[in-house]
Amino acid sequence: MKLLVPALIGAAIATTGVAYAGEKRSKDDKYIIEKVGEPKSCINRSQIRSTDVIDDKTIDFKMRNGDIYRNNLPNKCSGLRFEEAFSYRTSTNRLCNVDIIRVLDSTAGRIDTRGACGLGRFQEITKTKREKAEKNES
C-alpha cells in the first residue's frame, strides 16, 4: 500500500497541472522575435490558420500565407497559458482589438468559459530560431 500512495499523489499532481507551477520559461526563449511594420487594429478571421498561446498576455495568430501576427493583450488573461485555448465571436470576418476572447476551461470532460479578456493590436512579427541565427552570425 505504501507504494501505491506516492503513485496516486504523482498522478493527482500531473492531472491538476501543479507540475507546471515551476515552469517559468517562455515559449519565445528559443526564438529571436522581430517586429514587421506598424500594428494593425484587425486581421481577417478566414485567414487564421492556427494560434499559439505564448503566455497569459500574448497570442500568436499564424495566417494561411505564413505571416504571424502577435497580439499583446492589454491585461493578463488568467488561465490562458495553462489552458492554451480560447474562443471569440464576431459579427464580421475580422478579428479586431475591440473584440473579446474567453479562455476555455476543459475540466472533468466539460468545456466551460472563464473570464473575458480584451485583445490588443496585431503586430506582424518574424521568428528566427536562436541556434540558426547564431550559426549565421559566426
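Trainee: In this predicted model, which residue in E10 does Glu34 stand opposite?
Mentor: E1 covers residues 31–40, and E10 covers residues 122–129. The two strands run antiparallel and are joined by seven bridges. Across from Glu34, the residue in E10 is Thr126.

Trainee: Which strands stand at the edges of the open sheet?
Mentor: The sheet has five strands with antiparallel pairing, in the order E1-E10-E5-E4-E3. Two of them have a single partner strand each, so one side of each is left without a neighbour in the sheet. These edge strands are E1 and E3.

Trainee: Which element supplies the largest share of the largest nonpolar core?
Mentor: That core has 17 residues, and among those touching the most other members are Ile43 and Phe61. E3, E4 and E8 each supply at least two residues of the core. The largest share, three residues, comes from E4.

Trainee: How many residues apart in sequence are the parts that Cys42 and Cys96 tie together?
Mentor: A disulfide joins Cys42 to Cys96, with an S to S distance of 1.9 Å. Both cysteines are buried. Cys42 lies in E2 and Cys96 in E7, so the pair ties together parts whose separation in sequence is 54 residues.

Trainee: What pattern do the disulfides of the protein follow?
Mentor: The structure holds two disulfides. One joins Cys42 to Cys96, and the other is formed by Cys77 and Cys117. With bonded cysteines counted along the chain, the pattern is 1-3, 2-4.

Key
Residues numbered from 1 in each chain as written. Predicted model: local features only at pLDDT ≥ 70, side-chain atom pairs only at ≥ 80, totals over all residues. Heavy atoms only, no water. Pairing = 2+ DSSP bridges. Helix = DSSP H or I, 4+ residues; strand = E, 2+ residues; numbered from the N terminus. Core = buried A, V, L, I, M, F, W, Y, C linked by side-chain atoms within 4.5 Å. Buried < 20%, exposed > 50% of the residue type's maximum accessible area, 1.4 Å probe, protein only. Disulfide = S-S within 2.5 Å.
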